[in-house]
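This briefing is for a reader who is new to the structure shown below. Please look at the model first, then read the points by topic.

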There are 2 protein chains.
Amino acid sequence: MNIQSRSQKSPRTDEEVIRSCGLFRGLDDTQRAVLTSMAVRKRFKQGTPIFVQEEACPGLFVVDHGLVRVFRLAPNGQQHVLHLCGPGQTFAEVAAIGGFALPACADAAQPAGCVMIPTDRLQQELALNHQLCRQLLTGMAFWVRHFVQLLEDIALRDAMGRVTRLLYDSPCDASGRIQLPGAKKDLANHLNLTSETFSRVLRRLAEQGVIEFDQDRSVHVIDAQQLEQLSGQSQNTDQ
Amino acid sequence: MNIQSRSQKSPRTDEEVIRSCGLFRGLDDTQRAVLTSMAVRKRFKQGTPIFVQEEACPGLFVVDHGLVRVFRLAPNGQQHVLHLCGPGQTFAEVAAIGGFALPACADAAQPAGCVMIPTDRLQQELALNHQLCRQLLTGMAFWVRHFVQLLEDIALRDAMGRVTRLLYDSPCDASGRIQLPGAKKDLANHLNLTSETFSRVLRRLAEQGVIEFDQDRSVHVIDAQQLEQLSGQSQNTDQ
DNA sequence: CGCCGGATTGATCCGGATCAAGTCATGTGG
DNA sequence: CCACATGACTTGATCCGGATCAATCCGGCG
């Protein structure tokens with residue numbers, strides 16, 4: 001369980017935000033500086049839409065603080081949460097880099113601040129800058145791998161497996177306390193579960209003494225070993 | 001999810017194979033020539049493993065003919081078919097480009113011939129060739145979008161929806177005949193269904209007069225319109 | 001021929017969705 | 001300050017889609 005590294009200090013410089021982000025981890029100082037120079041600040045109040053799918057992509061977003069919900073809207077109104085992006089995560093990267101329309105919608109699940117790199121300037125730079133291309137290519141490859149992972153999770157894990165994996169992968173402080181990002185219903189949806197099921201699974205874990213609830217939205221991990229075990233396998237071994 | 005792409009013309013030149021492939025569609029002649037020059041031919045008998053996950057990636061594969069099954073193996077032995085790659089499709093691209101270990105296994109579902117671009121030579125070239133990087137970056141972005149699509153399919157469609165979508169997206173000849181690539185059990189698994197369910201869904205479609213079975217593995221689409229309708233929505237409308 | 005693996009079909013089971021209350025915690029307006 | 005509305009969350013009862021188990025069929029192929 002990752003010990004959380006980044007502090008939630010709100011006012012960071014654009015450069016700090018860009019450095020903190022996974023997709024850009026491969027970049028050297030020069031390339032980061034290039035991106036920083038074209039960055040634009042954006043703020044969103046809770047609940048405001050950031051963009052809707054099928055639109056042209058305004059740019060590549062990096063979350064500074066808050067929480068952004070990226071979700072896909074089906075013709076019949078159903079939605080599936082693709083990501084919940086916290087500080088240091090990017091969204092709309094793919095459309096911005098590939099230069100096509102947005103494949104998903106986004107809104108602010110909590111008040112959020114982002115750094116945006118406008119599509120046109122990014123494209124311009126990519127046309128000129130070999131190193132940037134190369135390093136982003138690697139970042140992108142990791143991104144694909146992440147999706148394969150996600151796909152696998154949803155395809156061959158049951159509810160218990162998905163929840164424990166979420167907990168296991170979530171950052172926690174030194175005392176093993178995890179702050180759940182976002183509303184439970186959004187987390188549940190991201191795991192392709194209903195909030196009811198999510199609730200029940202957490203209760204089962206609590207009954208088995210693996211976790212404890214604190215107030216608000218934080219979870220205390222009691223038996224990290226069992227949690228790992230549960231998250232490791234894909235189908236029920238249960239109780 | 002265009003599984004099968006075109007005629008099974010077996011003896012194509014390396015250049016033709018590379019040109020036929022989606023990931024490289026963005027490349028201009030120059031870049032294609034570069035890739036062609038480093039290509040290596042590979043053949044696999046049905047059932048032979050091509051590689052296993054966690055190994056170092058030997059290269060980027062493009063299928064010339066036959067069918068390759070790319071699947072992820074869970075610790076407990078379960079497997080999930082990520083792709084069935086027919087002619088013109090690539091696999092192991094991500095690991096070859098990103099330079100990390102293989103995230104999945106592959107074997108030949110049918111006797112298959114591939115063109116392989118060795119990892120080291122590809123990496124070498126990427127380090128030098130700006131245009132190649134740039135064009136691959138775009139190709140990669142499309143690839144991610146494809147996965148998002150796949151994820152959505154599995155997350156919010158029922159069995160009927162997934163099967164009809166598979167049929168709807170599959171290439172057919174002028175008379176509306178679709179040649180199913182690969183064994184039904186593999187197709188079913190790719191859709192995250194059992195072969196039993198797959199079978200039943202096809203029968204229901206036949207009973208409703210939407211499709212007809214021919215011999216062997218081909219399906220005749222009778223009512224393309226209804227097929228489109230069914231594949232368009234995500235959850236059951238029907239009786 | 002007999003064997004074997006894929007495909008079909010039927011019977012049954014189960015995980016998780018759905019439906020329906022009920023509980024809090026937070027507004028909001030009188 | 002209270003009455004009331006709202007929305008996230010919990011909990012229980014029920015339902016259903018698809019998995020699982022099992023029997024059979026079928027088409028190669030030794």
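Of the atoms of DNA strand D within 4 Å of the protein, what percentage belong to sugar or phosphate? The share is 72%, and the rest belong to bases. This is a predicted model, in which local features need pLDDT of at least 70 and side-chain atom pairs count only at pLDDT 80 or more, while totals for chains, interfaces and linings use all residues. Residues are numbered from 1 along each chain as its sequence is written, chains are lettered from A and ligands numbered from 1 in the order in which they are written, and side-chain values use heavy atoms, with hydrogens and water left out.

**Surface near DNA strand D**

- DNA strand D is surrounded by 17 residues, where a residue is near a strand if one of its heavy atoms lies within 4 Å of it.
- The closest of these residues are A:Ser199, A:Arg200, A:Arg203, B:Ala159 and B:Thr197.
- By type, the surface near DNA strand D has three nonpolar, five polar and nine charged residues; Ala, Val, Leu, Ile, Met, Phe, Trp, Tyr, Cys and Pro count as nonpolar, Asp, Glu, Lys and Arg as charged, and the others, Gly among them, as polar.
- Helix 7 (184-190) and helix 8 (195-207) of chain A, together with helix 8 (195-207) of chain B, each supply at least two residues of this surface; helices (H or I, at least four residues) and strands (E, at least two) are DSSP runs, numbered from the N terminus.
- Helix 8 of chain A gives the most, with four residues.

**Polar contacts with DNA strand D**

- A polar contact is a pair of N or O atoms within 3.5 Å; within protein, one must be able to donate a hydrogen and the other to accept it, and residues adjacent in sequence count only if both atoms are side-chain atoms.
- A:Arg200 has a polar side-chain atom 2.8 Å from a base nitrogen of DNA strand D.
- A:Arg203 has a polar side-chain atom 2.9 Å from a phosphate oxygen of DNA strand D.
- At B:Asn192, a polar backbone atom is 3.5 Å from a phosphate oxygen of DNA strand D.

**DNA strand C**

- There are 16 residues around DNA strand C, and A:Ala159, A:Thr197, B:Ser199, B:Arg200 and B:Arg203 come nearest.
- Of the atoms of DNA strand C that come within 4 Å of the protein, 70% are accounted for by sugar and phosphate.
- The surface near DNA strand C divides into two nonpolar, five polar and nine charged residues.
- Helix 8 of chain B contributes the largest share of this surface, four residues.
- A polar side-chain atom of A:Glu196 is 3.2 Å from a base nitrogen of DNA strand C.
- Phosphate oxygens of DNA strand C lie 3.3 Å from a backbone N or O atom of B:Lys185 and 2.8 Å from a side-chain N or O atom of B:Arg203.

**A sheet in chain A**

- Three strands of chain A form an open antiparallel sheet in the order 7-9-8; two strands pair if DSSP finds at least two bridges between them.
- Strand 7 (177-179) and strand 8 (211-213) of chain A stand at the edges with a single partner strand each, so one side of each has no neighbour in the sheet.
- Three bridges join strand 7 of chain A to strand 9 (residues 218-221) of chain A.
- A:Arg177 stands opposite A:His220 in strand 9 of chain A.
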